[in-house]
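Notes below, in the order I looked things up.

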Amino acid sequence: RCRKQPGDVDVDVDDHVVDTWNCTKASEVMGMLYNGVTMDADKKHLFVADTLEKVIRVFNVSADGLGYVRDIASPHAVDNVDYDEATGDLTAGVTASMWKHLYREKIDPSTHVPGGLTRFRGTPEGGYSVFEDDLHDGSQLSMISTGVTWGDAVVLGSWYNPGFALCMRAATAIE
């Protein structure tokens with residue numbers, strides 16, 4: 001948790017004044033590559049995407065800090081994650097093949113890296129399971145990092161490629 005303390009100084013970075021904060025580790029639960037974070041509607045749960053472990057880690061939030069609850073398994077490497085307040089679902093931009101991701105990064109930048117949007121729905125037992133997995137082959141946009149649903153379409157974004165992709169379900173695709 002980070003709190004600005006009395007007497008903390010501000011730092012001048014490239015002509016912008018930046019506040020400095022005293023920070024401590026928020027949790028003892030270690031991850032491989034934490035990335036996207038979101039909270040539920042009542043701010044009682046924090047969801048943290050661990051890209052390399054292919055999980056979304058769930059923490060209880062209290063005045064005492066964070067308490068680890070469980071991992072939500074993902075079939076793919078999770079990047080950014082979002083909580084839908086209307087449904088309670090989680091959506092995550094995912095990379096379907098970390099091997100292709102690494103191959104593109106290190107060997108051949110023209111390699112298509114599949115990815116898309118995976119949605120997780122809460123179960124009656126209090127967990128989450130994958131209920132929809134919309135993947136794109138990476139030919140139009142590689143290395144997907146985020147996405148949203150829009151009617152029958154999925155809009156995907158990438159940290160690596162310029163632009164974004166609008167993907168229609170096959171049954172509703174525009175001819």
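This is a predicted model: local features need pLDDT of at least 70, side-chain atom pairs count only at pLDDT 80 or more; totals for chains, interfaces and linings use all residues.

I started with strand β14, residues 153-158, and found it mostly covered, with five of its six residues buried. Buried means under 20% relative accessible area, exposed over 50%, and partly exposed in between, with a 1.4 Å probe and protein chains only. Strands here are DSSP runs (E, at least two residues), numbered from the N terminus.

Residues are numbered from 1 along each chain as its sequence is written, and side-chain values use heavy atoms, leaving out hydrogens and water.

Next I checked what β14 pairs with; two strands pair if DSSP finds at least two bridges between them. Strand β13 (residues 144-150) runs antiparallel to β14 and is joined to it by six bridges. T146 sits opposite G157 of β14. Two residues separate the strands in the hairpin of β13 and β14, and G151 there takes a positive phi near 65 degrees.

On to strand β15 (residues 164-168): five bridges join it to β14, again antiparallel. I noted A153 opposite M168 in β15, and L156 with A165 as its bridge partner. The β14 and β15 hairpin has five residues between the strands, and G163 in the turn shows a positive phi of about 85 degrees.

Put together, the three strands make an open antiparallel sheet in the order β13-β14-β15. β13 and β15 are the edge strands, each pairing on one side only. The twist averages 25 degrees from one strand to the next, using axes that are lines fitted to C-alpha atoms and angles that run from 0 to 180 degrees between N-to-C directions.

Which residue other than glycine has a positive phi near 60 degrees? I found K43, in the loop between β5 (34-39) and β6 (45-50). K43 is partly exposed, at 49% relative accessibility.

M143 is not a glycine either, yet has a positive phi of about 60 degrees. M143 lies in the loop between β12 (128-136) and β13. Buried or exposed, I wondered about M143? M143 is buried, with a relative accessible area of 0%.

Note on methods: Helices (H or I, at least four residues) and strands (E, at least two) are DSSP runs, numbered from the N terminus.
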